[in-house]
Structures are given as structure tokens and as C-alpha cells.
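What follows is a walk through one structure, from its ligand site to its domains, its chain interface and some local backbone features. Please look at the sequence and the structure first.

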Amino acid sequence: MNSSRLLLLGAEAVAQGAIDAGISGVYAYPGTPSTEITEYIQRSALARESGVRSSWSANEKTAYEAALGMAYAGKRSLVCMKHVGLNVAADAFINSAITGVNGGLVLAVADDPSMHSSQNEQDSRVYGRFAMVPVLEPSSQQELYDAMFHAFELSESVKLPVIVRMTTRLSHSRAGVGRRDSVAQNPLHAEYAPERFVLMPHNARVQYRHLLELQPKLETLSESSFLNRAVEGSGPLGVIAFGIGFNYVMEARRMHGIECRVLKVGQYPPPRRQIDELFAACDEVLVVEEGYPVYEELFRGYFGSPKIRGRMDGALPRDGEMTTDLVASALGATPAETTAVPEIVINRPPELCRGCGHRDMFEAINTVMREQAEHHVFSDIGCYTLGALSPFSAIHTCVDMGAAITMAKGAADAGLRPAVCVIGDSTFAHSGMTGLLDAVNDRSPITVIIADNDTTAMTGGQCSSASGSKLERICRGLGVEEAHLRSITPLKQHLDENIAVLREEFAYDGVSVVIARRECIETAARKKRRSAAKGE
Amino acid sequence: MEKNIILAGVGGQGILSIAAVIDWAALDAGLVIRQAEVHGMSQRGGAVQSHLRISDRELFADLIAHGTADLILSVEPLESLRYLPWLAPEGHVVTSTDPFVNVQGYPPVERIIKALRSAVNPLLVPAEQLAREAGSVRASNMVMLGAAAPFTGIEPERLEAGIQALFGAKGAQIVDINIRAFRKGLTLSNANQTTS
Ligand SMILES: Cc1ncc(C[n+]2csc(CCOP(=O)(O)OP(=O)(O)O)c2C)c(N)n1
């Protein structure tokens, strides 16, 4: 077997690349499709031997700030999240472009076009433009691996955080990856630089101007980046293909014998010189982006350009992920005749596992809710969101992490009774605590049900930052009254008592918390398998 | 040599172990691989698929284009129908006949088979039965791999070596069961090819 090549998911290529590029730590909160980066580093013997810290953070903001602190201290740090996680970390992220870094700081962010496992399909490249930092968008697993070295070097040379953006398809697809010699970790080297890191207006103005002045240099660096290159071709039509859009263009070209010129872009700000050249050589330019038409819109400008085609004129769909078929048809190829899906094929949506404690929790909630005139249940993000589907149809909102508690509070303030919300243990640790404090301070009549399965189940069972008795201690500390801090065990045989507890607390005119506590059956089974394997 | 393979099933049925064996064997044969899989929400009992591409030249896309799959390997009958638009005109469908019923309105298996037959000439595999004969129902995915082996472009011996490599850590008995399961699938497939 060819041992020099590893078969890695895109996410794992990022992880291996970061380890080999000499990171001293990774900070992350799980989120599909970014979770596997951190999990890989946690499993890596090499990372463990070289003391790379890798446990999960409470949320993306705490992760980002810790990574910034590590970079402040002179070491290389990696921070990983899914696209919506960057909303949570945005304050730290945008401001870190103003302070800049010392050791290299790379933000690996994974977007989810087509929303396979997400609330939206926002494009993190917009954040890159917003913060005015370099963005790398490799198009293959090997490029992802190589790009990590480049990203850290770039970050240290321009003293800015660098984004490595990928999307679901690349993150969750495997390919052979060849490794390079690894780089030693940076020594501890913290500098006093309050003029950069104390963002009082007088410093921030100077730093912001510096960031603006850096922009032409970033563009020049893109022009010589290995991630940007032109593919020879002929004919009046040219293509600018960003990120993995390039793969679909090359595949469509080969499949249909199309010879068009292609400019592959994998480093932003986009390389102006190469783009000018392509526009000069072609009558028509198709812009292929895996995500929002960020650069298509920019190229078109406010008054539009008849030369440009892409997501905004219908040549490609405005939303959803790219495919070879979509690109081929935008390039004028006739679609292949295909067999249709027979009518008898029904959808098979995901569901809560058989035996999951969330099922018993929803059964109890539904029973009590049926007695109420108003039966809205504010919910959050996690496996328990599947309670929105049949047979439960038990929850009525799921917006962003933490919003269950705060939306219930707002609705309670508006007069809605009962105001009930459901939130998982990991989500509570992520963003629920501050909202609960708001409710306590206002004595808002809400009942918070914390579904404590002792794990972050939806994303595959990562450690939760707060579960078990820690939850009671947090709630007590935030000011929840002892008499209204209850716990139940969501099991069939406890259904009646659970119903009684919920009924009492829904009726209470203040803040109550009911912790529905039972271990996730998946993690329980995994633990059992592991201890059985050890016992052998 | 270039093969586009769609692996289909329901979250939790183990199509990723099938992919892992093919990946291992393809890497061993020095081939280029792209294998896109589904993680996240759908893994909870939803429809899942993996696009697996192997080739002796550079591959670009992680996804298979419509009408270009050489093989649909499905561990569940209804799921074999879901990906028909990807099948190439000369492509093969190899599917288990054991339904995984976790939704309302699941059609009778006979209707599924009929729909499949009206589109292609499928290889139908009683995977659970053969796996049980091999020593464990849990090896039914290896039965399916065996049945599909002749369409993967990879020699069966190399796939067996992959099973050995991937299940080795679980002990010799598990390896044996899975190899036996693989061979049962392969035998069925070979017999079918000579008779049809
Ligand atoms: C800001 C943000 N970060 C991460 C995610 C991804 N995510 C969705 S659910 C979830 C885990 C929820 O865990 P928990 O609340 O404990 O519920 P469980 O799945 O265990 O029931 C995560 C990490 C997200 N949707 N938004």
C-alpha cells in the first residue's frame, strides 16, 4: 500500500495540514460540515505528542478569542466553525483584522450551500471581504492540505488572520493526500503592542488605515498564489471558477469537449491582473461560485455588464450548491437523457433514534401542552429539533443557538402564557446562559426545559461544555429559585411524574428550569463498545 | 479505467464501511479517488448516499454527474430507485431486497422491484439471508459489496484485502464472517452473470 498518501476528508486534510504546519492549538465548537477538523486533531497521535491543545470550546466566539490569544502569544493557532458559527464569532473576528496577529491565526470555516444540515447558506467569503482579510478557497483535498502551510505563512507575513473557506462537498469528500515535512511550533513570543491590541479609537483608527493600506498588497499576493491559475483554452466564452466551482467546470469541459478558457480562483482578494486578462480575451464570462454570487455581483457593478453570466441572470441557479450538470448546461452542453425517479419513491426525512430520551420528553411536553389554550414551544438547535417533525410536531421555532430561551422570554413579556422553551445541554452552554440571566433579572414567566443528554448529539457526540450537575449549579448561580429548578428522567415509566412536574412549572409565574436528563443512547452505546474493546 | 459508483442506503446502515473497503482497495491499486459522503442531520435515519469515483487519471468533481454512474449499489430497495437519474445508460443496479421501513407509506417491496425492473435489469440480493448464512446479519453490507464487486473495476482479491485491513482490529472471527459474506455475494453475482 502506498503509505505516503493518506485518504482524507477535506476537513481532515485541513487538520493534518494544520498539524504539519506547526499549530500549537485548535479551538472550535462543533458544526456540520466543520466538526471533523477538530475531531481529527483530537485523535491524532502526532498532535498529542506535540502537545497541541484541542478540546471543545463553549461556543465559536470563545473559540475565536482563545485562538487570537494564542496567536498574540506568538504561536500558530487554528479556529474552526461552521458558517453560522462565524456569526457568533463575528465580533471577535472583525476586530481581530484591526488588531492583526503575531503568530499565525487561521480560521477554517465550512459553509453549507443547499443547507444539508443548516439554517441558511450564507457565504463566509462575504465576511472575508467585510473584515478585509485574505481568504483561501482550495478546490481539492490536496490543495486544502497545502493551503494550510500557505495560510499560516501568509498570516504571519501580513500579520492578519486568514480564512480558509470550504463547503460541504469538499469537507465531506475523501481523496488521497500527500504530506510534506512538518514545521516546528513557534516559540512563546508575546509582544507588548498596546497600540495594536488596545482598540481605543485613537489606536483603532491607525490600525484600520493600516488595514486599508494593505489591500493592494493582498491583491498582488493573490496574483502569485498557487491557488489561482489560468487554464488555456479558446473561443469567445471564458469562465472564472471560484473554489470547487473549478472542479465542476473542469469536469463539464472534459465530459462535453468544451475548450473554453478558465481562470481558477482560490485566493482572495481576487487576482486583478488575471481577471483583467480573461475579460480582455473573452466576449462573455461565466462566473461560477459555490455560494452567493459575491464576485459576480462585484464584476457586474451597479449598472450591469452584458458580458457577465452566472447566478444573477439565470445561467446558473441563484441558490443551492453547484454541480457538474448545472455548469455543463450553463456552458451550453445538452443534458444527458436520464431515468426519472419512479413516483413510488417517498421522502425519508431524518428522525429521532428509537429509544432516544428526547422522544419521551416530547411525549410529556405534548401531553401538558394539549391542556393549554396556547401551546407554543420555542426550541433550539440539536437533535431535539427533530421534534418539529411527525409524530411529535412538538416545537414551533428553531432560529439560532440560544434563541429558545430569549424568544420565550420576549413572548412572555408580550403576554404569552405559558412561555415554554426547549434547549439542549450543549446549546445551553453555547448561548443559553446569558438569556436565562436576562429572564431571571426580569422575572419573566418562562419554563426552560434543558434536554440534557450529556453530549452534543446532533453533530456526532462531542463533549458538552455543561451537562449533569454543572447545569444545576449554573442555573442556581444565575438566580433560578431552588424550588423551580427541577429535574426529570425522560423514560416511559416516569411519564406520569414528568407530566406532573411540567404542569406545575408551566403554571408558575416566574422563571423555572426543568432539566430532562438521560444519556444519549448513541454515546452510551459507543462507551459500551469502547469499554468492551478495552476489556478484551 | 474510470468508475462512478453511487452507494445508497439509510443513515446507520453502514454504507460508509462499503466505501471504506473500496477506497482502501483503490488506493492500494494506485488509483485516484474522490468519495463524497453525507454527515450530519441525514445520518439520523434519513436517506444517505455516497458518490464514489475511482480513476486512473485526474478527477475533478466530488459529485457524479447525472447519467454517468456505472453502478448504483444500494443496501435498501427503495433507496436504489432514488438515484436512477444518475445511472449511465449501460450502468448496473445492485440492490438488497431487505426493506428498511421507517416512514409511513413505504410501498410494498414487489412494487419497488417492479419499478426497478421497468427501468433496468437489477441484480437483487437477499443480503440479510446470505449474511446470516455467513455468520452475522451485520455483515450484509459485505454481501452487497461482494455482489457488486464485478462492477467496481477492482479485483475481488484486492477488495478482500481491504476487508482484512479494515476489520482486522476487530479480530479474526469478524474478518472471517465478513470475508465469507463478501464471497457469498460475489458467488451470487457471478452465477447471475453467467445465466443472464
Ligand atoms: C452557531 C452554531 N454553531 C453550531 C451549530 C451546529 N449545531 C447544531 S445543533 C448542535 C448541537 C446541539 O447539541 P445539544 O444542544 O446538546 O443537543 P443534542 O443534539 O445533544 O440533542 C450544533 C453544534 C449551529 N447550528 N449554529
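A polar contact is a pair of N or O atoms within 3.5 Å; within protein, one atom must be able to donate a hydrogen and the other to accept it, and residues adjacent in sequence count only if both atoms are side-chain atoms. The model is predicted, and local features need pLDDT of at least 70, side-chain atom pairs count only at pLDDT 80 or more, while totals for chains, interfaces and linings use all residues. Residues are numbered from 1 along each chain as its sequence is written, chains are lettered from A and ligands numbered from 1 in the order in which they are written, and side-chain values use heavy atoms, with hydrogens and water left out.

The ligand site comes first. A backbone N or O atom of Cys383(A) lies 2.8 Å from an oxygen atom of the ligand. Ser426(A) likewise places a backbone N or O atom 2.9 Å from a ligand oxygen atom. With Asn453(A), a polar side-chain atom is involved, 2.9 Å from an oxygen atom of the ligand. There are 26 residues around the ligand, where a residue is near a molecule if one of its heavy atoms lies within 4 Å of it. Those that come nearest are Glu60(A), His358(A), Cys383(A), Thr427(A) and Ala457(A).

Next, the domains. Chain A is assigned domain 1 (5-220), domain 2 (229-330) and domain 3 (357-524), with bounds that come from an automatic or database domain assignment. The centres of domain 1 and domain 2 of chain A, taken over C-alpha atoms, are separated by 27 Å. How many residues of domain 1 of chain A are in contact with domain 2 of chain A? On each side 24 residues take part, contact meaning heavy atoms within 4.5 Å. Between domain 1 and domain 2 of chain A about 2100 Å² is buried, and carbon and sulfur atoms give 48% of that area. Buried area here is the accessible area (1.4 Å probe) that two parts lose on being put together, summed over both.

Four salt bridges are counted between domain 1 and domain 2 of chain A, a salt bridge being a side-chain nitrogen of Lys or Arg within 4 Å of a carboxyl oxygen of Asp or Glu. Side chains of opposite charge can pair when their charged atoms come close. The side chains of Glu219(A) and Arg272(A) form a salt bridge with an N to O distance of 2.9 Å. Helices (H or I, at least four residues) and strands (E, at least two) are DSSP runs, numbered from the N terminus.

The interface of chain A and chain B involves 50 residues of chain A in contact with 50 residues of chain B. The two chains bury about 4300 Å² between them, with 59% of it on carbon and sulfur atoms. Four salt bridges cross this interface. Glu79(B) and Arg348(A) meet through their side chains in a salt bridge (2.7 Å, N to O). Polar contacts between chain A and chain B number 21 residue pairs, both at pLDDT 80 or more. Among the elements of chain A that supply at least two residues to this side are β1 (5-9), α11 (245-256) and α14 (324-330). α11(A) gives the most, with seven residues.

Over all chains, the whole structure has 46 salt bridges. In one salt bridge, the closest N and O atoms of Arg503(A) and Glu371(A) are 2.6 Å apart. Arg503(A) lies in helix α19 (residues 495-507) and Glu371(A) in the loop between α15 (357-369) and β14 (377-378) of chain A, so the pair ties together parts that are 132 residues apart in sequence.

Some backbone details remain. The peptide bond from Tyr268(A) to Pro269(A) is cis, with omega near 5 degrees, and Pro269(A) is in the loop between β11 (267-268) and α12 (272-281) of chain A. Arg417(A) and Pro418(A) are also joined by a cis peptide bond, with omega about -15 degrees. Pro418(A) is found in the loop between α16 (403-414) and β15 (419-424) of chain A.
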